[in-house]
Amino acid sequence: MPVVLPFEKPIVELLDRVRDLRELAQTDSSVQAELELLEQQTAEVARELLSQLTPIQKVQLSRHAARPYTMDYVNRLCTDWVELKGDRRFAEDEAIVSGVAKYHGQSVVIVGHQKGRGTKENLLRNFGMPHPEGYRKASRMFELADKFRLPVLTFIDTPGAYPGIGAEERGQSEAIGSSIAAMARAKVPIIATIIGEGGSGGALALGVANRVFVLEFGCYSVISPEGCAAILWKDGSLAPEAATQLKITAPDLLRLGIVDSVIPEPPGGAHQDADLAAAQLDEVLSQSLAELSLLDGDALADQRYNRFRALGTFES
Amino acid sequence: MAWPEKNLPTTDASEKQSLGEGIFRLCGGCSVTMPAEELDANWGVCPSCSHHHLIPAAAWQQLFCDDGALDEWAADLRPQDPLKFSDGTPYTDRVKRAQKKSGLPEAIQIGGAKLHGRPIAYGSFVFQFMGGSMGSVVGEKITRLFERALADKLPVVLLQASGGARMQEGILSLMQMAKSVAALERLRAQKIPFISCLLHPTTGGVAASFAFLGDVNIAEHGALIGFAGPRVIENTIRQKLPAGFQRAEFLLDHGMVDMVCSRLEMKDTIGQLLDHLCSGSDAG
């Protein structure tokens with residue numbers, strides 16, 4: 001059953017009509033002109049509607065249950081995927097997927113948060129909230145990439161690192177800190193893309209990259225709007241105000257220098273056309289990877305250092 | 001069901017136990033009443049039960065630095081308000097209040113000091129300043145602490161007491177974690193020691209960045225240390241947390257810190273550690 005958010009309804013209705021007409025156009029070429037006009041109108045309506053969303057509505061879109069997840073992109077962008085599992089210390093954590101694959105003919109290491117489709121898979125993947133084992137697996141992948149001189153593509157999509165008893169017992173803090181450190185050290189190109197939710201330290205643990213991109217309706221925040229509202233006003237229902245105050249939407253992130261660019265999504269959002277979303281992501285990723293591949297290992301580490309070194313604002 | 005409520009761990013103890021005006025103090029551990037001078041003279045450690053009360057950054061400086069002397073670095077950095085953040089009270093007003101309350105411009109002090117005669121790079125969070133939270137200034141100063149220590153080949157001793165990243169500077173606060181850890185990695189590559197002291201409390205973005213990356217991690221006796229705050233965890237798992245959860249001794253049991261140390265023994269312990277760690281290398 002497709003999930004439709006209230007503000008999406010007009011767009012979804014138009015997109016349904018486009019799909020019907022597209023099907024018809026396969027057998028009846030006389031509707032081709034009508035189809036093109038409807039496609040154009042739909043794109044305009046979608047852009048208009050989504051441009052007026054409030055920050056909390058964009059957060060809802062970034063969490064949309066139908067949104068493409070890491071493996072949806074990997075399957076479209078890569079070939080020869082070999083998944084690699086486990087942290088070699090305690091367990092396998094399915095909230096993070098990792099492995100090696102060919103991207104435009106080049107071997108790369110992939111690390112990404114992975115949410116589940118439906119309850120069963122979501123329980124397996126803990127709704128994309130990793131335990132320390134997930135971050136230790138990620139660290140292992142960054143070290144593997146460094147060792148074999150393979151570029152890294154990361155995909156960020158998590159509500160946050162899991163806050164639970166076991167996670168604390170096994171050192172969630174240390175695992176995240178070490179993952180950040182492993183990314184900072186690596187002498188290979190790293191490109192991070194926020195494809196959905198970028199939830200705090202649990203997101204940053206995959207986000208220390210030479211280039212950081214965000215999809216048009218992705219978000220990235222130091223704390224969830226709900227958590228922020230709970231702390232500031234002891235009232236989680238004030239999340240919409242917190243979302244506004246925190247400046248977490250893609251244009252905010254670009255303005256603050258957190259991301260290098262915003263990757264446009266298909267009309268209505270990535271979940272309306274995962275193929276097109278992947279194609280648009282591919283364009284940016286492939287170009288960035290080509291640019292970064294010109295730099296040697298030391299230059300890559302320095303560029304990454306200086307990129308993050310410059311973030312922050314103060315008077316002196 | 002009206003079960004008697006267990007007392008929740010106090011994560012914002014600075015508010016509740018700040019040593020206000022008055023002649024007597026009530027111990028937060030054993031409820032003994034004692035003259036304020038007696039508690040202050042013992043660095044906030046209860047003489048009866050060893051409960052560690054919060055003490056200001058200035059007291060830590062006296063306790064750790066030879067002659068209490070700190071050659072402060074980057075003391076001129078002041079916070080800005082990049083998000084124009086307001087929770088009803090503008091962030092700029094919150095900063096002014098915190099500056100007045102703590103008598104300091106931001107939530108950390110860094111500088112050069114000596115520890116038992118050995119030059120060190122010293123940093124100390126100011127928990128009384130917005131819960132020791134890490135915004136751009138704190139992140140910048142920690143980064144400079146590591147960079148200066150690298151340039152001057154000084155071992156780093158960092159005292160952490162922080163609720164985590166500062167919400168009011170939003171995503172820029174989160175980025176300070178990456179910035180500071182990247183600087184720490186450069187220090188590590190040159191084999192210069194980093195002694196990480198996790199005081200009460202050390203949570204959130206400070207815990208999840210450099211705090212656990214010390215060559216030696218020392219937890220203060222009784223300190224609350226963890227990634228997520230106890231209330232967040234309780235709300236997630238919908239269970240009461242076991243006694244002692246996320247306390248220093250819990251972390252020791254789970255292998256996350258090298259030792260739990262009384263505040264009164266910490267300096268001597270670090271002195272010994274640096275003697276050992278620096279004896280095999282050029283550092284320090």
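In which hand of crossing does α14(A) pass α6(B)? The crossing is left-handed, a term for a near helix turned anticlockwise from the far one by less than a right angle, with right-handed used if the turn is clockwise. The model is predicted, with local features requiring pLDDT of at least 70 and side-chain atom pairs counted only at pLDDT 80 or more, while totals for chains, interfaces and linings use all residues. Residues are numbered from 1 along each chain as its sequence is written, chains are lettered from A and ligands numbered from 1 in the order in which they are written, and side-chain values use heavy atoms, with hydrogens and water left out.

The two helices belong to separate chains. Helices are DSSP runs of H or I with at least four residues, strands are runs of E with at least two, and both are numbered from the N terminus. Axes are lines fitted to C-alpha atoms, for helices over the stretch in contact, and angles run from 0 to 180 degrees between N-to-C directions. Angles under 35 degrees count as roughly parallel, over 145 as roughly antiparallel, 65 to 115 as roughly perpendicular and the rest as oblique. On the α14(A) side, the contact is made by A:Asp302, A:Tyr305, A:Phe308 and A:Arg309. On the α6(B) side, B:Met175, B:Ala178, B:Lys179, B:Ala182, B:Ala183 and B:Arg186 take part. Contact means heavy atoms within 4.5 Å. By class, six residues of this contact are nonpolar, none is polar and four are charged. Ala, Val, Leu, Ile, Met, Phe, Trp, Tyr, Cys and Pro count as nonpolar, Asp, Glu, Lys and Arg as charged, and the others, Gly among them, as polar.

Chain A has 14 helices and nine strands. Its radius of gyration is 20 Å, close to the 20 Å that the globule rule gives for 316 residues, so chain A is as compact as a globular protein of that length. The radius is taken over C-alpha atoms, and the rule is 2.2 Å times the number of residues to the power 0.38. The C-alpha trace of chain A spans about 60 × 50 × 50 Å along its principal axes. Chain A is divided into domain 1 (6-52) and domain 2 (57-309). Such bounds come from an automatic or database domain assignment. The C-alpha centres of the two domains of chain A are separated by 31 Å. Nine residues of domain 1 of chain A contact 11 residues of domain 2 of chain A.

Within chain A, helices α1 (residues 9-27) and α2 (residues 32-51) have axes that come within 9 Å and cross at roughly 160 degrees. The two are therefore roughly antiparallel. The crossing of α1(A) past α2(A) is left-handed. Residues of α1(A) in this contact include A:Leu14, A:Val18 and A:Leu21. Among those of α2(A) are A:Leu35, A:Leu38 and A:Val45. The contact of α1(A) with α2(A) divides into 13 nonpolar, two polar and four charged residues.

Chain B has 10 helices and 11 strands. A compact globule of 284 residues would have a radius of gyration near 19 Å, and the 19 Å of chain B agrees. The C-alpha atoms of chain B fill a box of roughly 65 × 45 × 40 Å along the principal axes. Chain B is divided into domain 1 (1-53) and domain 2 (55-279). Their C-alpha centres lie 22 Å apart.

In chain B, helices α3 (residues 57-64) and α10 (residues 263-279) pack at about 45 degrees, with axes 9 Å apart. They are therefore oblique to each other. The crossing of α3(B) past α10(B) is right-handed. B:Trp60, B:Leu63 and B:Phe64 of α3(B) make the contact with B:Arg263, B:Met266, B:Lys267 and B:Ile270 of α10(B).

Two backbone features remain. Most residues other than glycine have a negative phi, and most peptide bonds are trans. The bond from B:His200 to B:Pro201 is cis, with omega near -15 degrees. B:Pro201 is in strand β8 (residues 194-203) of chain B. A:Lys247 has a positive phi, near 55 degrees. A:Lys247 is in the loop between α11 (239-246) and α12 (250-255) of chain A.
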